[in-house]
Amino acid sequence: MSKVYCVGELLIDMVGVDHKGLKNGVQFEKKAGGAPANVAAAITRMGEEAAFMGQIGTDYFGQFLKEMLDQLKVDTSLCAFGGNTTIALVGIDERGERNFNFLRGCDGDYSFNAIDASKLHQEDILHFGSATALLEGELKKTYYALLDLAKQRQMFISFDPNYRDSLISKRQLPQFIQDCRTFIASADFVKMSDEEALIITGKTDLESAVQMIHALGAKTAAVTLGAKGTYLSSGNTQQIVASQAIEQVDSTGAGDAFVGALLSRILHANKRDFSAEEWLEMVRFANCVGALTCMKHGAIDAIPSLDEVMEKLNESLK
């Protein structure tokens with residue numbers, strides 16, 4: 001059976017649940033997180049096969065995270081183990097929006113030499129969606145080696161830049177943009193926020209940014225717009241796909257849940273070419289998963305089940 005391989009960081013989110021941000025907050029809860037791990041969790045929650053590829057700490061947090069992935073039936077056979085777990089401090093304001101500080105641990109040590117590449121096949125999907133991978137270090141080298149491998153084996157390539165201003169300094173930003181454009185050039189599917197699309201392309205409006213994303217090489221692009229929905233661009237079709245109306249509590253992991261849900265639909269369809277209407281239906285599904293994820297604290301803990309998603313979609317059709 002084909003599978004989505006998600007490569008990058010697995011970490012602990014210390015989430016501010018008193019909605020006072022990082023500066024003034026005093027109440028924090030431990031949650032499992034890390035963008036590619038969130039994507040993998042969303043895929044298995046939607047009933048499809050996913051693997052996480054990254055380095056997991058051998059401390060107590062790492063033990064907790066490994067057990068969580070096992071419970072979610074996320075394949076960890078390509079993981080490496082060692083070091084202390086990366087921690088993300090997540091402040092949430094009164095609107096549910098976030099700010100971050102990172103205490104980086106072992107995620108950056110994940111080496112291509114630790115990977116049994118024979119497990120990756122043409123019919124699989126390789127998702128690059130790390131917030132930390134494009135920082136300098138071993139994980140970045142692994143990202144580029146896996147990109148070359150995916151192109152050689154003609155795998156379906158998915159990319160999400162997961163830009164965090166608390167991770168990427170102004171000095172590092174030009175290199176980050178260059179790296180992102182390299183991955184976009186090989187991507188079958190790109191997901192970005194509207195902020196990321198403008199930063200990475202250097203454009204001042206969304207339509208021009210998406211045109212450049214395609215010009216760089218991406219076949220299909222989805223730009224998430226928060227409560228406004230998602231700007232979908234595939235082939236000659238561009239449109240905004242409305243999201244579900246919800247009471248937002250915490251947007252942590254919503255974009256990753258969106259990606260995981262959409263990749264699960266691609267995997268479920270067992271094909272790589274889709275009509276404009278098929279893309280539209282997949283994005284509607286992914287929008288619903290992302291919206292429902294915003295209704296609870298945390299990332300992985302907040303991802304809904306497939307039954308919950310279908311119930312919400314059916315309600316919206318009434």
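These legends walk through several close-up views of a predicted model.

**View 1. T132 sits in a loop and is buried.**
Start with the loop between β9 (125–128) and α4 (138–152), which is where T132 is found. Is T132 buried or exposed? With a relative accessibility of 1%, T132 counts as buried, because buried means under 20% relative accessible area. Leaving out residues up to four places away in sequence, T132 touches E9, R104, D107, L139 and L167. With D107, the side chain of T132 makes a polar contact of 2.6 Å. E9 is 123 residues away from T132 in sequence, yet their C-alpha atoms are 7.0 Å apart in space.

Look for S2 in the segment before β1 (4–7). Its relative accessible area is 12%, so S2 is buried. Which residues does S2 contact, once neighbours within four places in sequence are set aside? They are E49, E123, D124, L267 and N270.

**View 2**
β1 runs parallel to β4 (residues 50–53), and 4 bridges join the two. To find this pairing, go to C6, whose bridge partner in β4 is F52. β1 also runs parallel to β9, again with 4 bridges. On that side, look for Y5, which stands opposite L126 in β9.

**View 3. Four strands make an open, mixed sheet.**
In what order do the 4 strands of this open sheet come? The order is β3-β2-β7-β8, and the pairing is mixed. β3 (28–33) and β8 (98–103) stand at the edges with a single partner strand each, so one side of each has no neighbour in the sheet. From one strand to the next, the twist averages 25 degrees. Within this sheet, β2 and β3 run antiparallel and are joined by 6 bridges. A handy landmark is V15, which stands opposite E29 in β3.

Helix α5 (residues 173–185) has 13 residues, which should span 18 Å at 1.5 Å a residue; the C-alpha atoms at its ends are 18 Å apart, so the two values agree. The buried residues of α5 are F176, I177, D179, C180, F183 and I184. Why are they said to be on the same side of α5? Because they cover an arc of only 165 degrees around the axis. And what do these buried residues pack against? Their partners are β9, α4, β10 (156–159), β11 (189–193), α6 (194–201) and α7 (206–216).

β12 (residues 220–224) runs antiparallel to β13, with 5 bridges joining them, and A221 stands opposite S233. The hairpin of β12 and β13 has 5 residues between its strands, and in the turn G226 has a positive phi of about 65 degrees. β14 (residues 237–241) also runs antiparallel to β13 through 5 bridges, with T230 opposite V241. Between β13 and β14 the hairpin has 2 residues, and G235 takes a positive phi near 65 degrees.

H19 is not a glycine, but its phi is positive, at about 60 degrees. Find H19 in the loop between β2 (11–16) and α1 (21–24). With a relative accessible area of 23%, H19 is partly exposed. N270, another residue other than glycine, has a positive phi near 55 degrees. The loop between α8 (254–269) and α9 (276–293) holds N270.

Methods
Residues numbered from 1 in each chain as written. Predicted model: local features only at pLDDT ≥ 70, side-chain atom pairs only at ≥ 80, totals over all residues. Heavy atoms only, no water. Buried < 20%, exposed > 50% of the residue type's maximum accessible area, 1.4 Å probe, protein only. Contact = heavy atoms within 4.5 Å. Polar contact = N/O pair within 3.5 Å; in protein donor to acceptor, adjacent residues only side chain to side chain. Pairing = 2+ DSSP bridges. Axes fitted to C-alpha atoms, helices over the stretch in contact; angles between N-to-C directions. Expected span 1.5 Å × (residues − 1). Arc of directions from axis to C-beta.
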